[in-house]
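Visitor: I have just opened this one and would like a careful walk through it. Could we take it piece by piece?

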Amino acid sequence: MSSAAVELERAQSLLKSSPQQAFEILNKLVQLETDVKDDESIRIKEQTILELARLLSKGKQVKDLEELIRFTRPFLNVISKAKAGTLVRALVDSYVNMNVNTGAEVDLCRECIEWARIEKRTYLRQSLEARLLTLFYDKQRYSDVLALGMFPYRKASIEVGRATPYTQQGKQTERQTDKQTESSKQEDRHGDRQADRH
């Protein structure tokens with residue numbers, strides 16, 4: 001077992017009894033260089049970030065958690081997109097769950113969405129947008145819910161309205177039915193005129 005793994009276990013054992021000491025250990029570990037070719041080194045870094053985020057969230061240390069989220073971004077670029085996405089969502093949840101209600105949680109969520117957009121992490125961006133929608137809804141900011149939710153709904157409407165073999169066939173059937181109906185009406189009018197003459 002590596003020294004970093006030993007220190008991580010020691011920090012985890014101190015989370016309840018001595019959170020300040022646990023914080024100091026985790027804070028040192030998170031700043032260590034990570035061997036991106038070593039799975040164990042990556043796992044320790046991920047776990048350290050999560051433990052530190054939970055500890056900061058529990059202590060409602062808003063600024064420190066903001067700094068941790070920004071500090072981890074270079075690390076996110078050297079791990080898989082799936083792992084990075086899981087980590088970012090967990091960090092955002094830790095921040096939002098502090099319930100500080102200052103509006104900073106909305107700003108941070110938007111910042112993370114913008115980062116995901118720049119990094120072309122589409123799935124993560126959509127996931128964070130959904131989280132932001134929930135946040136707006138919880139805060140009863142319904143105009144923001146509509147503003148953020150309008151694009152996906154509009155896109156969905158376009159997709160639904162897009163022509164398919166089935167919709168095209170349906171439109172042809174409708175046109176044929178309309179022609180038959182109009183033809184029947186013309187015949188009826190012609191019959192009425194004939195009857196009037198007699």
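Visitor: Which helices do the buried residues of helix 7 pack against?

Guide: The buried residues of helix 7 pack against helix 4, helix 5, helix 6 (81–96) and helix 8 (122–138). Please keep in mind that this is a predicted model, in which local features need pLDDT of at least 70 and side-chain atom pairs count only at pLDDT 80 or more, while totals for chains, interfaces and linings use all residues. Residues are numbered from 1 along each chain as its sequence is written, and side-chain values use heavy atoms, with hydrogens and water left out.

Visitor: Which residues of helix 7 are buried, then?

Guide: They are Ala104, Glu105, Val106, Leu108, Cys109, Cys112, Ile113, Trp115 and Ala116, where buried means under 20% relative accessible area, exposed means over 50%, and partly exposed lies in between (1.4 Å probe, protein chains only).

Visitor: And what counts as a helix here?

Guide: Helices are DSSP runs of H or I with at least four residues, strands are runs of E with at least two, and both are numbered from the N terminus. By that rule the chain has ten helices and zero strands.

Visitor: How many residues does the chain have, and what share is buried?

Guide: The chain has 198 residues, of which 32% count as buried.

Visitor: Back to helix 7: at what angle does helix 4 pack with helix 7?

Guide: Helix 4 (residues 62–71) and helix 7 (residues 104–118) pack at an angle of about 0 degrees, and their axes are 12 Å apart. Axes are lines fitted to C-alpha atoms, for helices over the stretch in contact, and angles run from 0 to 180 degrees between N-to-C directions. The two helices are therefore roughly parallel to each other, since angles under 35 degrees count as roughly parallel, over 145 as roughly antiparallel, 65 to 115 as roughly perpendicular and the rest as oblique.

Visitor: Which residues meet there?

Guide: From helix 4 come Glu66, Ile69 and Arg70, which meet Ala104, Leu108, Glu111 and Cys112 in helix 7, with contact meaning heavy atoms within 4.5 Å.

Visitor: New topic: where is threonine 72?

Guide: Threonine 72 sits in the loop between helix 4 and helix 5 (73–76), and threonine 72 is buried, with a relative accessible area of 2%. A polar atom of its side chain lies 2.8 Å from the backbone oxygen of isoleucine 69. Not counting residues up to four places away in sequence, threonine 72 touches Ile49 and Leu91.

Visitor: What about serine 57: buried or exposed?

Guide: Serine 57, which is found in helix 3, is buried, with a relative accessible area of 13%. Its side chain reaches the backbone oxygen of serine 94 at 2.7 Å. Leaving aside neighbours within four places in sequence, serine 57 is in contact with Leu65, Ser94 and Met98.

Key
Polar contact = N/O pair within 3.5 Å; in protein donor to acceptor, adjacent residues only side chain to side chain.
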